[in-house]
Amino acid sequence: MSRSFRPVKEIRNLHSSCFVEPEELIALLHDLAARVGTASDEHEYGDNKAVWLEDGNKVLDYVEADERFDAASFKDSMEEQGTAVNKNDLTTLIENMRSLVKQWRSSIGERGELVFYIDAC
């Protein structure tokens, strides 16, 4: 079996508090990717979980400007998928994400991907 490897340039950007449980945040990120029509995946690295989003610009454009990026819409969508989340906590998270979009744009990789590390929340 053939395998490959490559070095990765890791840049730590401005972080956000989770405001919700890690599983809820991961569900939100996957839901966000689905809404904008891009692929997503998750991996575990020791204590960290990473969520990879294929088209980071598309995701951040949605977070920054789309009116549908709101707690009510995501709460309903996440609950349909079996993930219960507190609407007030989700509202705070979404507002915080929206305020960090400009800084997060510098984290988009050469191929357009965006990776979020979810540390212990």
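**Around Gly 56 and beyond**

Tutor: Let's begin at Gly 56, which is in contact with Ile 108, Gly 112, Glu 113 and Leu 114, once neighbours within four places in sequence are left aside. Keep in mind that this is a predicted model.

Student: Okay, and which helix is Gly 56 found in?
Tutor: Gly 56 belongs to helix α2.

Student: Is Gly 56 buried or exposed?
Tutor: Buried: its relative accessible area is 0%. The cut-off for buried is under 20%, so Gly 56 qualifies.

Student: Let me zoom out. What's the overall secondary structure of the protein?
Tutor: There are four helices and three strands. Along the sequence they come in the order α-β-β-α-α-α-β.

Student: And how much of the protein is buried?
Tutor: Of the 121 residues, 36% are buried. The exposed surface comes to about 7,900 Å², and carbon and sulfur atoms supply 46% of that.

Student: What about sequence separation in the contacts?
Tutor: Take the contacts with a separation of 6 or more: 68% of them are between residues 24 or more positions apart.

Student: What else does Ile 118 touch?
Tutor: Not counting residues up to four places away in sequence, Ile 118 touches Pro 22, Leu 25, Ile 26, Leu 29, Asp 47, Asn 48, Lys 49 and Val 51. Ile 118 is itself buried, at a relative accessible area of 4%.

Student: Which strand has Phe 116?
Tutor: Phe 116 also sits in β3, and its relative accessible area of 15% makes it buried. Leaving aside neighbours within four places in sequence, Phe 116 is in contact with Leu 29, Lys 49, Ala 50, Val 51, Leu 53 and Trp 104.

Student: And how far apart in space are Phe 116 and His 15?
Tutor: That pair is 9.4 Å apart, C-alpha to C-alpha, and 101 residues apart in sequence.

Student: Trp 104 came up there. Which residues of α4 are buried?
Tutor: Trp 104 is one of them, along with Leu 90, Leu 93, Ile 94, Met 97, Leu 100 and Val 101. The buried residues of α4 pack against α1 (22–36), α2 (56–65), α3 (71–80) and β3 (114–118).

Student: Where does α4 bend?
Tutor: At Arg 98, by about 30°.

Student: And what caps the N-terminal end of α4?
Tutor: Asn 86 does, with a side-chain oxygen 2.8 Å from the backbone nitrogen of Asn 88.

Student: Switching to α3. Which of its residues are buried?
Tutor: Ala 71, Phe 74, Lys 75, Ser 77 and Met 78. The buried residues of α3 pack against α1, α2 and α4. After α3 comes Gly 82, which has a positive phi near 90°.

Student: Last topic, aromatics. How many aromatic pairs are there?
Tutor: The count comes to four. One of them joins Tyr 62 and Phe 69 in an edge-to-face arrangement, 6.1 Å centre to centre with 75° between the planes. Phe 69 and Phe 74 also pair edge-to-face, at 5.4 Å centre to centre and 80° between the planes.

Student: So which residues form one aromatic cluster?
Tutor: Tyr 62, Phe 69 and Phe 74.

Notes
Residues numbered from 1 in each chain as written. Predicted model: local features only at pLDDT ≥ 70, side-chain atom pairs only at ≥ 80, totals over all residues. Heavy atoms only, no water. Bend = angle between axes of the 7 residues up to and from the residue. Helix = DSSP H or I, 4+ residues; strand = E, 2+ residues; numbered from the N terminus. Buried < 20%, exposed > 50% of the residue type's maximum accessible area, 1.4 Å probe, protein only. Contact = heavy atoms within 4.5 Å. Polar contact = N/O pair within 3.5 Å; in protein donor to acceptor, adjacent residues only side chain to side chain. Areas by Shrake-Rupley, 256 points an atom, 1.4 Å probe, with all protein chains shown as cover. Phe/Tyr/Trp six-rings, centres within 6.5 Å; stacked < 30°, edge-to-face > 60°.
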